[in-house]
Every structure is written in structure tokens, then in C-alpha cells.
Amino acid sequence: MIAVRLKSISKRFGTVLANDSIDIDIQANKIHALVGENGAGKSTIMEILYGFYQADSGEIELNGKNVKITDPHVAIANGIGMVHQHFMLIPPMTVTENIILGVENPKKGGVLQLAKAEKKIQELSDEYGLQIDPKTKVETLSVGLEQRVEILKALYRKVDILILDEPTAVLTPLEVKEFFQILKKLKEQGKTIIIITHKLDEVLEISDEVTVMRNGKKIGHMPTNEATAEILANMMVGREVLLRVNKDKVDPGETVLKVNNLCINQDKKSIIKDVSFEIKEGEVLGVAGVEGNGQTELIEALTGLRKADSGTVLYKNKDITNMSARKIKEEKISHVPANRKAHGFLPSYSNADNQILGFHYLPQFCNKTGFFDFDAIESYSLKLVKEFDIRPPITNLPTSSLSGGNQQKLVVSREFSQNPKLLIIAQPTRGVDIGAIEFIHQQILDLRKKKIAILLVSAELEEIRSLSDRTIVMFEGEIAGEVNSDDFEIKKVGMMMTGKKL
Amino acid sequence: MFIKKYEVILLPLISVFAALLVGAVLIIIVGENPLAVYWVFFKNSLFSLNGIGYTLFYATPLIFTGLSVAFGFRCGLFNIGAEGQLYIGAMATTLVAIWLDGSSAWILIPICFVVAFLFGGIWGGIPGLLKAKFGGHEVINTIMMNMIAFALVNYLVVGPFHRKGTQILETDFIPEAARIPRVHDLIPWVPKTLPLNLGFIVALIMCVVVYLVLWKTKWGYEIRAVGISNSVSEFAGINVKRNMVMAMFIAGGFSGLVAVHEVLGYRYTFHDSFSQGVGFIGIAVALLGRNHPVGIVLAALLFGALNRGSLFLDLNFDDLSKDLVMVLQGVIILFVATDKLFKKMIGIKN
């Protein structure tokens with residue numbers, strides 16, 4: 001039975017045709033994966049189904065009946081729910097308060113009937129094995145549990161069709177496993193699930209059917225058991241893709257960075273405990289770990305954004321502990337921050353302006369009187385835009401108008417191009433499409449070949465495995481273990497990430 | 001695409017036009033003819049040489065305070081303190097000019113310019129420093145600094161520096177050498193009474209300076225970067241705190257330069273309560289002018305023309321007073337602040 005039938009849906013944003021006459025049939029009671037690179041239009045078509053956008057043309061059929069979904073309220077009334085990539089929860093409120101927000105429905109003289117709602121939420125949670133206590137405050141929950149609250153929010157509104165936008169992007173490997181259990185349970189109970197993603201292994205593991213989109217068009221549709229990662233990747237990108245990078249052997253040289261017994265405290269709590277490691281020229285040191293186990297603070301201390309309480313950071317035998325961010329940059333230490341939007345670039349600045357950010361004061365870009373040399377900036381930007389294949393290749397476009405992958409390439413182009421001797425990279429491919437991932441990985445390995453020392457922090461174990469020479473695993477601010485690339489096993493590292501000593 | 005490109009100009013224009021319409025409704029309600037009222041308004045502010053002269057005269061201090069507020073805005077800081085900063089700048093300039101009586105104009109005038117900027121700057125820089133060091137909110141602190149400034153200059157003009165032998169609350173006059181020329185001194189056939197002076201040219205020069213600094217130099221680049229995102233700037237190695245203090249100092253300096261127009265070019269003395277809210281209207285000017293020097297000049301001219309035109313309302317209409325201008329100003333700001341409405345009307349999506 002077909003639950004949702006999208007019939008030749010088209011949607012245009014300015015000059016971009018985000019959806020070009022898309023037809024998709026969603027089978028009831030199945031898990032349907034919608035895959036494609038960033039900007040392929042998969043979120044757009046789901047936002048149309050959810051009533052967030054209106055299609056320029058085309059029709060939506062629900063259970064055989066034509067419906068007009070003019071806004072999300074209509075969608076919910078028709079049993080369609082959506083969990084966005086960024087959760088929409090109010091941290092200081094309890095789970096119940098968050099869930100009933102907008103559908104409080106008080107009967108008795110305007111008094112909230114919290115207890116009744118709580119009971120219902122508890123029942124739903126038990127039914128689907130979500131293990132959520134309706135009375136806890138959202139701010140105390142982990143990201144994985146917050147996601148479950150979002151799912152509960154949809155279930156509470158009696159949703160039959162659940163759209164999930166990149167649901168695993170924020171989860172740890174263990175949480176992903178549990179999340180898939182929940183999806184299976186939802187399916188057992190008769191729900192229809194649409195999952196937007198670009199992680200192919202997950203598509204293969206969990207979905208029943210898969211639809212591939214590229215450049216606003218539907219490229220193909222097949223039962224998942226007929227698909228392989230290679231087929232899907234080639235459909236997504238439109239050409240042959242190397243799913244695994246080729247890593248040449250590089251003999252490590254001198255030690256570039258040496259961290260000795262670094263400690264950081266915050267609010268009387270120790271968040272980095274006695275961390276020591278070193279990185280040599282031409283070596284990639286991976287840092288694995290569930291997010292929030294001190295990786296962020298470690299990077300901030302190394303890049304001058306946070307003060308260390310004790311310990312030393314030696315860079316080429318020079319003490320750079322607690323130097324300012326600019327001084328550290330001037331030592332040829334580059335930093336690609338984990339969150340490009342919050343820390344990597346200025347949205348309203350042009351691509352050219354963003355490509356000199358942090359280096360803008362150098363004589364390369366401005367003369368002694370402080371005035372910019374716009375010709376120099378323009379030609380520098382043009383060079384980087386070409387070299388790093390940033391699209392569209394227009395230097396005076398505001399960076400906010402680029403896709404996530406191209407924004408990331410822009411940040412990478414800036415940080416890779418000032419002859420760094422040490423590169424500190426965090427989540428280099430988060431929210432980035434396959435084509436860009438391949439490109440960025442290749443750039444990292446190219447720098448490694450040029451004998452540059454690289455510290456790579458990533459939540460993607462596969463990424464760490466394919467790029468690093470050695471990997472340290474962090475747990476609660478400490479180094480829980482270290483593995484060489486030869487004996488890197490995802491399972492073993494995953495165990496270390498949860499604090500289990502081997 | 002066309003609309004998007006000219007959005008910057010179109011939206012303020014629509015706001016002004018809509019405000020005039022609302023004003024027309026009000027005028028009808030009180031029983032006058034809006035066309036007649038607006039004719040009197042603009043005849044006296046735009047369609048005569050004298051009118052234009054006065055419009056420019058009224059616009060001059062607004063350009064300074066508009067620049068002041070806009071400069072803070074560009075660094076992400078809301079400078080409500082222009083009013084206090086201009087009083088401090090004007091008082092300091094007056095006193096220094098009197099103190100240096102006997103110096104030549106070539107020394108005195110540049111010193112007065114510097115003092116005006118410096119003292120206004122210090123008054124703006126203090127809230128900047130409090131923000132950078134302790135995170136004290138600049139809105140609260142600039143308002144507090146206003147209060148201190150009002151009390152301080154009032155004390156000085158009523159007490160120790162009050163000119164002897166007059167009931168008017170003014171200080172002694174500044175020496176001739178410190179005075180800057182009026183239009184009449186440069187173009188003799190312009191009436192001597194027109195108070196428009198070199199301050200207007202200084203204001204325009206400052207607009208050019210602001211434009212160059214903000215968009216053509218590394219310092220302006222940093223200030224705007226901090227204004228867009230503190231955290232991105234910090235990650236880029238930009239000293240966010242220093243930029244905040246600098247921006248507030250410079251913002252205060254522009255307000256201080258009102259002294260050039262008011263003290264050196266117009267009254268030649270510190271006159272108690274001379275500003276009448278020029279510092280606050282500067283917020284409106286910056287808002288309407290989209291924090292851009294060109295927009296600020298245009299917005300200041302509009303507000304200047306309104307000020308000038310308002311003087312003729314009492315004379316010509318029994319049921320209207322110059323307060324109508326305050327209503328118009330208020331409505332313009334309201335419309336500028338809620339430009340989403342117009343964006344929807346002309347079909348611009350956010």
C-alpha cells in the first residue's frame with residue numbers, strides 16, 4: 001500500500017531549481033531512505049511534504065487522497081511528523097512541557113493537565129522502548145535522548161508518517177545502534193518512516209527502499225536489497241567515486257607538537273586530565289571519542305582560545321602554552337574548527353573576505369597604511385576557489401549562499417593555504433557531501449605527504465581510520481587508549497570511547 | 001532580482017512615504033489639509049535657498065550622531081550614549097578653547113577638533129571598556145553615562161563656568177580664533193544670519209572617513225567581523241575586546257564632533273541643553289540610513305528638513321504644532337523597524 005505519493009513536485013528558489021518534477025512513492029509501514037548529496041533537494045521535498053514550503057507545481061496524495069498541505073499544522077493533522085536536524089526543544093523545560101507545547105489543550109478552566117500528559121508520554125515511551133522519563137528537564141539529556149524526545153513529540157501528535165532529517169549526524173556509534181532499534185520498533189507498530197541521509201552504510205542497514213536524488217532530480221529508486229554502497233554513491237555523485245582513500249606511506253620526521261600533562265579545569269571540574277601526546281612531521285594523529293569528552297577543550301587550548309591550567313605545549317621545541325590565538329596562528333599552526341557556522345566563517349562576508357579571515361592583516365593583503373590591496377585579495381581568492389573547486393566559483397558572493405560542503409571547502413582552503421606546519425582539524429567533513437568528503441580527505445593526505453603534522457579530531461571513526469597513522473581515544477578528558485593504524489578496529493576503538501579499558 | 005538589488009534604498013523610501021501617509025491621516029483628523037501642510041513643510045525646507053541652508057544646518061549634528069550610532073552598530077554594539085558623548089565633547093571643547101585664548105587659529109581649531117573627538121571618545125570608550133572587561137551591557141552603561149554627562153555639564157554651566165552678567169545658561173564665549181567660518185564668510189551673498197557652517201563639510205568628510213575605514217582597511221574589516229560574530233572573530237585570532245573598546249571610542253568621538261558644528265560654528269559657547277535629543281535622533285538616522293555613511297547623510301537630510309519645516313507649522317496652522325514632526329519621526333522609525341511588512345508587500349523573501 002502506498003502511504004504517500006508525491007507527483008511531479010517542482011520547487012524553485014530564485015534561480016535554483018531545488019526540485020525538478022519529482023515523483024516518489026512511499027510504501028506504508030516501510031523505512032524509506034532518501035539519499036543524495038547536500039543541495040540535492042532531498043530536504044526541500046520533505047519540507048514540502050511537511051508543509052514548510054509550498055511546491056510550485058505538483059500534487060501530494062495521502063492514502064490515495066489528494067491533499068493540500070499548506071503548513072506544518074495541516075501536515076500534523078494528516079499524520080505527518082518531522083524531526084529536524086536541529087532539535088527544537090527548550091532546554092530548561094521538562095520533557096512533558098516540551099512535548100505538549102502547542103497542543104496543551106487545557107480543559108479545566110485553563111489549567112494545564114500535566115499529570116495526564118505525563119502519563120500518556122510515559123505510555124508512549126514504554127510502547128516504543130524510548131526510555132524517556134517525562135519529568136526530566138531537557139537540558140540534562142544527551143543529544144541521543146533529545147532526539148527521542150523529538151520523536152515522542154511526533155508520536156504524541158498521533159503521527160503515522162515520520163520524516164527524519166539526517167537523524168544520525170549527531171549520534172555516537174552506540175547511539176546509532178539504539179536509534180535503529182527504535183526505528184524497527186516504530187515500523188513494527190505500523191509507522192511509515194522516511195529517513196533523509198547521506199550515510200550509505202546506514203541506508204543499507206536500516207532501510208527497505210531507497211530513492212536517490214541529485215541536483216534536484218530523482219535519479220533512481222530501488223529496494224534496498226538490490227543496492228550496494230558503490231551503486232548508490234555513483235548515482236548520488238554522478239560519476240565513479242573512491243569510497244576509500246589511498247594512503248601512501250610517509251616516514252615521519254621531527255616532532256612538531258609535544259603536549260605534556262595538559263590539564264584544564266572548568267567550574268572546579270577537571271575537563272582535561274594529564275593529556276600527553278606528540279605529533280611528528282608527516283604524521284596524522286587521530287583523536288577519537290564521543291563528543292564532549294574533552295576534544296573541543298583540547299583543541300581550544302592548543303589554538304589559544306582557552307587557557308590551560310597546567311602542563312605545557314611545545315611546538316618545535318618552543319613553549320607556546322597559553323599564547324594568544326593570533327600568535328599561535330603566526331607560528332604556522334592552522335585550525336579548521338568543528339563548527340564552521342559558529343566559528344569558521346562570517347556568513348555575510350564575501351568568499352574572498354572569508355578566505356583572508358585571520359590572515360587579513362598580513363602584508364600579502366594590505367599595505368603599511370592598513371588599506372587592503374583588493375587586487376591581491378581577489379587574485380588570491382580566485383586561486384583558492386579554483387584550487388579547491390569551490391562552487392559557484394565567484395569570489396564576491398556572500399559565503400552564506402554556498403552549500404555546506406562548499407562552505408567547508410572554503411574554510412579548508414583558507415587554513416590549508418598559508419603554509420601551515422601543524423594543522424588542527426576538527427570534524428572536517430561534517431554535513432559535507434561525498435564529493436567534497438573525497439576532496440577534503442585527499443587534501444589532508446596531500447599535506448601529510450608534504451611532511452605537515454596533522455591533528456585530526458573526528459566523530460566519524462571511519463574517517464579517522466582511513467586518514468590517521470595513530471589514534472588516541474579520549475574519554476572524560478583523559479586518553480583512554482592509543483591504537484596504530486595497523487590494528488585499528490572500529491569495535492575496539494568504540495569500546496575505548498565508552499571508557500572500557502581493554 | 002531587481003527589487004532585491006535595490007532593497008536597501010527601496011525599503012527606507014517606502015517607510016518614509018508610508019509615514020507621510022499616516023501623518024496625512026492625522027492631519028485630516030485634526031481638521032487640516034495634508035497637502036497644504038506638507039507644502040508648507042517642504043517649501044520652507046527644500047524650495048528656497050534659506051530653507052536648504054537651514055535643512056543642512058539641522059542635518060549636520062545628525063550626521064555626526066548617526067555616524068556614531070552606526071559605527072557602534074557595525075561592531076555589534078548599540079550606542080545609546082551619543083547624547084551624553086556630544087555634551088561632554090562640547091563642554092570640553094568650549095573650556096579648552098577659552099583656556100587657550102590668545103593662540104592662533106591654526107593651532108586652536110585643530111586642538112578643538114581633537115578635544116571634541118577625544119572627550120566624546122572617552123565617554124563612549126568607558127562603556128566599551130566595561131563591556132570588554134566585565135561584560136557589562138553597553139546599552140545600560142551608555143544610558144548611565146548619559147545621565148552622568150547631563151548632570152556634569154549642567155553643573156559646570158550653571159556653576160563654575162557660567163558667563164557673568166547673564167540669565168542665560170551659557171559659558172563664556174570662545175575666542176574668535178577658535179571659530180570656524182559660516183557660509184556667509186565663504187559665499188558673501190548668502191545671508192549672514194544663516195548659521196550653516198564648515199561643520200557640515202567636516203561631517204561629510206567624516207562620512208568618507210568612516211566609509212574608507214570600515215570597508216577599505218584591515219581595522220574596519222576586524223570591526224565588522226566582530227560585529228557579525230564574536231566567536232568567529234575570536235577563532236580567527238582577532239582581538240574582540242580591543243575592537244569593541246576601539247569601536248565605542250570612535251563612536252563616541254563622532255558624537256563629540258557635534259561640538260565643531262555647535263560650539264565652533266554656531267553658538268560659540270556652551271549653551272545648556274542645546275542638543276534637544278540630537279543624540280537620540282542619531283539612532284533613528286543610523287537605522288533609516290542602514291548604518292551606511294551615504295544612507296546616514298540622506299536620513300540626516302530628511303530629518304533636518306523635517307526639523308526645519310516644523311518651525312512653520314505653528315505659524316501657518318491653528319490646529320497643528322511642530323510636534324507633528326516627532327510623530328512623523330516616530331512613525332518612520334516604526335516602519336523602518338518593521339520593514340518585514342513592506343518586504344512582504346514588494347515580494348522579498350528573507
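A: Happy to! Keep in mind that this is a predicted model. The open sheet in chain A is built from 6 strands, and reading across it the order is β16-β17-β18-β13-β19-β20, with mixed pairing. At the edges stand β16 (333-336) and β20 (478-484) of chain A; each has a single partner strand, so one side of each is left without a neighbour in the sheet. From one strand to the next, the twist averages 15°.

Now let's step inside the sheet. In chain A, β13 (residues 284-288) runs alongside β18 (residues 453-457), and the two pair in the parallel sense over 4 bridges.

Next come the helices. Helix α9 of chain A, residues 295-302, packs on the sheet and touches β13, β17 (422-426), β18 and β19 (470-475) of chain A. The direction of α9 in chain A makes about 150° with that of β17(A). Helix α17 of chain A, residues 490-497, also packs on the sheet, where its contacts are with β13, β19 and β20 of chain A. For α17 of chain A, the angle to the direction of β19(A) is about 30°.

Putting the pieces together, β13 of chain A pairs with β18 of chain A, is touched by α9 of chain A and is touched by α17 of chain A as well. The edge strand β20 of chain A is among the strands that α17 of chain A touches.

Conventions:
Residues numbered from 1 in each chain as written. Chains lettered and ligands numbered in written order. Predicted model: local features only at pLDDT ≥ 70, side-chain atom pairs only at ≥ 80, totals over all residues. Pairing = 2+ DSSP bridges. Axes fitted to C-alpha atoms, helices over the stretch in contact; angles between N-to-C directions. Contact = placed C-beta atoms within 7 Å.
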